[in-house]
Amino acid sequence: MAVHAPRLLIPALLLAAALAAGCGSSSTSTTSSAPSSSPAPAASTSTPAPSTPVRVRPKPKVVPPKGPAPKKLVIKDLAVGKGRGAAPGDTLQVNYVGVLYKNGKEFDSSFSHGMPFSFVLQANQVIKGWDQGLLGMRPGGRRELIIPARLAYGSQGQGGIPPNSPLVFVIDLLKAT
């Protein structure tokens with residue numbers, strides 16, 4: 001009988017591992033159509049908690065400025081964080097809200113997804129406006145980006161974003177590693 005016990009144990013362990021892997025919530029996704037130009041890799045969706053606690057701010061209300069949209073990327077620090085600034089190749093963990101410049105309509109928010117969004121800076125995982133606009137940002141900071149259409153989704157549009165739409169984001173940097 002002892003010879004057969006390991007054969008029974010292996011399938012039971014495989015079944016337990018498969019059940020454990022499927023226990024996450026499938027209704028919440030960390031990838032977002034707003035900042036991503038292509039889906040974020042699965043490995044970046046389960047980022048460990050920051051080693052230095054960063055204050056998680058409440059969801060901001062994003063209001064586009066009046067007048068015509070700027071032709072160049074506008075970067076405005078609403079709160080400056082601490083520590084080393086984000087550099088190319090860093091994995092960033094952020095909370096964000098994105099609205100259309102034209103009318104202020106929200107098209108995406110990590111707050112609505114219930115979890116932060118993670119990506120590698122300047123690895124073509126997000127729109128160019130993010131890859132350029134988040135360089136140097138420090139953990140704990142909050143930054144507003146006004147992104148011209150050519151640095152967002154251009155003439156293609158994306159989901160609820162019409163073609164040639166400038167965008168406004170408020171982004172909280174939770175972690176940069």
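Colleague: Which backbone atom lies 2.9 Å from a polar atom of the aspartate 90 side chain?
Modeller: That's the backbone nitrogen of alanine 87. Keep in mind that we're looking at a predicted model here.

Colleague: Where does aspartate 90 lie in the chain?
Modeller: In the loop between β1, residues 74–79, and β2.

Colleague: Buried or exposed?
Modeller: Aspartate 90 counts as buried, because its relative accessibility is 8% and the cut-off for buried is under 20%.

Colleague: What does it touch, if we skip residues up to four places away in sequence?
Modeller: Aspartate 90 touches Arg84, Gly85, Phe119, Val120, Leu121, Ala176 and Thr177.

Colleague: OK, new topic. How do β2 and β3 pair?
Modeller: They run antiparallel, with three bridges between them. β2 covers residues 91–100 and β3 covers residues 106–109. If you want a spot to look at, find valine 99, which stands opposite glutamate 106 in β3.

Colleague: How many residues sit between the two strands?
Modeller: Five, and β2 and β3 form a hairpin. In the turn, glycine 104 has a positive phi of about 75°.

Colleague: Which residues other than glycine have a positive phi?
Modeller: Glutamine 122 is one, with a phi of about 60°. Asparagine 124 is another, and its phi is near 60°. That's worth a look because most residues other than glycine have a negative phi.

Colleague: Where are those two found?
Modeller: Glutamine 122 is in the loop between β4 (117–120) and α3 (128–133). Asparagine 124 is also found in the loop between β4 and α3.

Colleague: And how exposed is each of them?
Modeller: Glutamine 122 counts as partly exposed, at 38% relative accessibility. Asparagine 124 has a relative accessible area of 58%, so it is exposed.

Colleague: Let's jump elsewhere. How far apart are leucine 73 and leucine 151?
Modeller: In sequence they are 78 residues apart, but in space they are 7.8 Å apart, going from C-alpha to C-alpha.

Colleague: What else is leucine 73 in contact with, and where is it found?
Modeller: Leucine 73 is in the loop between α1 (5–21) and β1. Leaving out neighbours within four places in sequence, its contacts include Gly129, Gln132, Ile146 and Pro148, along with Leu151.

Colleague: Now zoom out for me. What are the elements, and in what order do they run?
Modeller: There are three helices and six strands. Starting at the N terminus, the order is α-β-β-β-α-β-α-β-β.

Colleague: How much of the protein counts as buried?
Modeller: 41% of its 177 residues. The accessible surface comes to about 9,900 Å², and carbon and sulfur atoms account for 60% of that.

Colleague: What about contacts between residues at least 24 apart?
Modeller: If you take contacts between residues at least 6 apart in sequence, 74% of them join residues at least 24 apart.

Note on methods: Residues are numbered from 1 along each chain as its sequence is written. This is a predicted model: local features need pLDDT of at least 70, side-chain atom pairs count only at pLDDT 80 or more; totals for chains, interfaces and linings use all residues. Side-chain values use heavy atoms; hydrogens and water are left out. Helices (H or I, at least four residues) and strands (E, at least two) are DSSP runs, numbered from the N terminus. Buried means under 20% relative accessible area, exposed over 50%, partly exposed in between (1.4 Å probe, protein chains only). Two strands pair if DSSP finds at least two bridges between them. Contact means heavy atoms within 4.5 Å. Accessible areas come from the Shrake-Rupley method with a 1.4 Å probe; for residues, only the protein chains shown count as cover. A polar contact is a pair of N or O atoms within 3.5 Å; within protein, one must be able to donate a hydrogen and the other to accept it, and residues adjacent in sequence count only if both atoms are side-chain atoms.
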